[in-house]
Structure formats: C-alpha cells, structure tokens
Amino acid sequence: MEHKRTYNIAVIPGDGTGPEVIREAIKTLHIVTEREDFAVRLVQFDLGGERYLRTGEVLPPGVVEKLNKHDAILLGAIGHPEVKPGILEKGLLLELRFQLDQYINLRPVILYPGVDTPLKGKDAEDIDFVVVRENTEGLYAGSGGFLRKGTPHEVAIQESINTRFGVERCIRFAFEFCRRRNRRKKLTLCGKTNVLTYAFDLWERVFYEVAEEYPEIQTDYAHVDATCMWMVKNPEWFDVIVTDNMFGDIITDLGAMIQGGMGIAAGGNINPNGVSMFEPIGGSAPKYTGKNIINPLAAIAAVQMMLEHLGEERAAGRIENAIRKVLLQDLKSLSAGQMGYFTTEVGDLVGKYIKGV
Ligand code: IPM
Ligand code: MN
C-alpha cells in the first residue's frame with residue numbers, strides 16, 4: 001500500500017474566538033488534503049486562559065517537548081479577560097516563541113482585491129509587502145527589573161537585548177526571503193539609529209555587512225516613525241521590511257489595518273531549523289466569542305502559510321485562491337458581524353471554492 005506524506009500538526013485553539021476560527025481553518029485543511037497527495041495528523045493541545053483558570057497551569061512541564069515533535073503548530077489565540085495581562089502573553093505565547101526558538105515572526109501585509117483599505121487612493125497593487133520581525137530578543141527578552149518598587153523612588157528598567165547572533169540570523173533570513181520572494185527585491189531596515197544608537201548601530205552594521213552578499217537586492221533604511229508614515233502615505237515603496245521585535249509588533253498592527261483589518265492578518269513564528277507556529281494575529285476577541293460572527297479568514301490564511309512552510313506550495317495556492325474568491329465575491333466586510341455571513345459559512349465558502357464547485 002502506498003503511504004502518503006503525513007504531517008503531524010499540533011493545534012492550540014486557545015482562548016476566546018480562537019477555537020471558532022481554528023475549526024474553520026481545520027475544515028479547510030481537511031478539504032485541501034483530500035485534493036492533494038499528503039495527509040495530516042492533528043493533535044489538540046489544551047492551553048490558554050481556560051486551562052489556567054481551571055488548573056493554574058500556563059505551560060505545564062513536558063508540553064514544549066511534545067510540541068517539538070510535531071511538524072508545525074497551528075495556534076488560534078491566547079488571551080483571557082479574567083486573567084491579568086502578561087500571564088498568558090509572557091507565560092505561554094512568548095514562552096513558546098522563545099523555547100521553540102522561533103526567531104522570525106513573518107507577517108505579510110497584502111491588500112486583496114475586493115477588500116477596502118482605509119488608505120485613500122490605494123489599492124491591491126500598492127499594498128503587498130512582508131514584515132520580517134525578530135521574535136526572540138529586543139525589549140521582549142524580559143531583561144530588567146524594579147528597584148524600590150512601590151515607593152516614590154521606584155525605578156523600572158526594561159532593557160532591549162540585541163545579540164550579534166540574533167540580529168544576524170534575522171537579517172540573513174530577511175535577505176534570503178527577499179531573494180526567494182523575487183518581487184521588487186528591496187529590503188528596508190526599520191530602526192531608530194538617531195536615538196537608539198547602540199542597538200540599531202549593531203543592526204545597521206550587520207545589515208550592510210550581510211547586504212554585500214546580496215548585490216541583487218536593493219537596500220533601504222527608514223526610522224520606525226518614518227516607516228509608519230510611509231506605510232500610510234506610500235505603502236507601494238515596501239517589498240520586505242526587517243526590524244526588531246518591538247517595532248515589528250507595532251508596525252504589523254498598522255500593516256493589518258491597511259490590508260483591511262485583523263480579519264485577514266496572519267503570521268508565522270518561524271524556526272527555520274525547528275518547529276514553526278502559525279497564527280491569526282488578531283487575538284482572542286472576547287466580546288465576539290461564541291457568536292459565530294468572527295472572521296476565520298486570518299486563521300485560514302495561517303493554514304496557507306503553514307502549508308507553504310511545509311513545502312506544500314500547490315495546496316497553499318489552492319487556499320489562497322479560495323480566500324481571494326471569497327473576498328472578491330462574497331464578503332461585505334472583513335469585520336466581525338459585518339461580513340454578511342457567519343464564521344462557519346465563510347469556512348464553507350472557502351471549502352466550496354477549493355472543491356471548485
Ligand atoms: C503579537 C501580540 C503579542 C506580541 C502579545 C500578545 C504578547 O501582540 O503577536 O503581535 O506582542 O508579540
Ligand atoms: Mn502585536
């Protein structure tokens with residue numbers, strides 16, 4: 001008997017609307033595998049706010065080892081209104097990114113035809129770039145602390161950690177990615193060399209050093225504040241942007257807005273030599289939970305990114321085409337409750353287009 005290529009996928013539906021959008025993402029995954037010559041084996045992991053409130057556990061011992069045995073991870077959302085901010089974000093999401101050494105956060109910003117952008121006069125041709133965000137260092141490294149906490153002389157220190165190793169592997173990934181993407185072949189370093197004269201001095205030096213190995217790629221530099229300005233004014237200038245963890249976090253929320261909203265924004269936490277994790281970047285959206293009105297397309301796009309990463313380009317292409325059709329022909333809006341369809345119906349539409357009926 002012929003054995004199909006099989007991928008072991010860990011699924012973390014998580015909190016809020018996470019399980020609802022993941023259900024549609026998995027539905028899509030099954031429909032696409034039926035049309036391809038590979039299979040998937042899914043294992044669900046119960047992690048997130050509900051589990052924490054039930055048992056006090058955030059990331060129990062042994063879980064990372066188990067996740068590490070999979071080919072990829074699909075994550076819904078982490079964040080619970082009854083859990084103090086920071087516990088799940090730092091204890092689970094960031095901990096997974098760090099422990100699995102997912103040192104790249106890859107966030108495409110694509111405006112699909114048929115989707116409204118708040119940017120006047122811009123359309124699908126103008127908004128098509130990818131942010132390569134460093135995902136294990138910077139202000140996120142957790143370096144710092146309090147002195148004299150709670151007193152009038154309190155000191156709070158939060159340091160940005162930038163290692164030569166961490167910066168270089170991120171910049172190298174960005175150059176390679178830009179080459180493979182083969183679009184405008186332009187890589188922009190987004191930093192703040194005029195103020196953060198240590199951290200971004202390192203980034204800038206490494207950037208131009210590595211650039212020598214990629215003569216076909218045009219390099220550019222923009223301060224983070226100017227990057228925000230250009231993303232609004234001239235988004236067509238960007239092809240690939242590489243930046244640190246904090247700036248990447250901020251500019252990708254802006255990116256999600258100019259591509260039509262959180263309903264479509266997906267990202268990948270990539271460890272090129274290990275296990276990567278794919279997620280819709282919109283969060284757990286507690287107020288929409290259980291209403292069947294949240295947009296599942298970002299989670300479905302996360303599956304597309306996951307399949308691309310696994311080398312299943314054709315399957316990923318099928319999903320992308322279906323997403324494009326739904327956006328062009330069906331959805332009234334990307335926003336929760338305004339799509340003109342329920343969450344499950346959007347998943348059905350994607351499935352219908354993949355099946356070609
Ligand atoms: C994101 C989120 C996370 C981050 C939070 C939830 C810790 O905003 O994935 O962008 O800051 O990285
Ligand atoms: Mn963010």
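How many Å separate the centres of domain 1 and domain 2, taken over C-alpha atoms? The model is a predicted one, and in it the two centres lie 25 Å apart. The domain assignment of the protein chain gives domain 1 as residues 1-105 together with 274-357, and domain 2 as residues 117-259.

Ten residues of domain 1 are in contact with 13 residues of domain 2. Between domain 1 and domain 2 an area of about 1,100 Å² is buried, and carbon and sulfur atoms give 57% of that area. On the side of domain 1, Tyr103, Ile104 and Asn105 supply 50% of the area buried against domain 2, more than any other three residues. The count of salt bridges between domain 1 and domain 2 is one. Asp101 and Arg169 form a salt bridge, with 2.9 Å between their closest N and O atoms.

Helix H4 itself covers residues 87-99, and its buried residues are Leu88, Leu92, Leu93, Leu94, Leu96 and Arg97.

The aromatic residues come next. A pair of aromatic rings is described by the distance of the centres and the angle of the planes. With ring centres required to lie within 6.5 Å, the count comes to nine aromatic pairs. One of these is the stacked pair of Phe173 and Phe177, with 6.2 Å from centre to centre and 10° between the planes. Both residues belong to helix H5, which spans residues 164-181, and they are four residues apart, about one turn of the helix. Why is Phe173 classed as buried? Its relative accessible area is 13%, and buried means under 20%. Phe177 counts as buried for a like reason, because its relative accessibility is 15%.

Phe175 and Tyr214 form another stacked pair, with centres 5.0 Å apart and planes at 15°. Phe175 lies in helix H5, whereas Tyr214 lies in the loop between helix H6 (199-211) and strand S9 (218-223), so this pair ties together parts that are 39 residues apart in sequence. Phe175 is buried at a relative accessible area of 0%, and Tyr214 is buried at 5%. Ring pairs also join Phe175 and Tyr214 with Phe207 and Tyr208 in a cluster.

A ring can also face a charge. The charged end of Arg133 sits over the ring of Tyr140, at 5.1 Å from the ring centre.

Two further residues can be followed by their surroundings. Is Lys186 buried or exposed? Lys186 counts as buried, because its relative accessibility is 8%. Lys186 lies in strand S8, residues 186-191. Leaving aside residues up to four places away in sequence, Lys186 touches Cys178, Ile217, Gln218, Asp220, Trp237, Asp239 and Val240.

The other residue is Gly255, in helix H8 (residues 245-258). Gly255 is buried, with 0% relative accessibility. Which residues does Gly255 touch, not counting residues up to four places away in sequence? They are Val109 and Met231. The C-alpha atom of Gly255 is separated by 24 Å from that of Phe98, and these two residues are 157 residues apart along the chain.

Key: Residues numbered from 1 in each chain as written. Chains lettered and ligands numbered in written order. Predicted model: local features only at pLDDT ≥ 70, side-chain atom pairs only at ≥ 80, totals over all residues. Heavy atoms only, no water. Phe/Tyr/Trp six-rings, centres within 6.5 Å; stacked < 30°, edge-to-face > 60°. Helix = DSSP H or I, 4+ residues; strand = E, 2+ residues; numbered from the N terminus. Buried < 20%, exposed > 50% of the residue type's maximum accessible area, 1.4 Å probe, protein only. Lys NZ or Arg CZ within 6 Å of the ring centre and 35° of its normal. Domains from an automatic or database assignment. Contact = heavy atoms within 4.5 Å. Buried area = accessible area lost by both parts, 1.4 Å probe. Salt bridge = Lys/Arg side-chain N within 4 Å of Asp/Glu carboxyl O.
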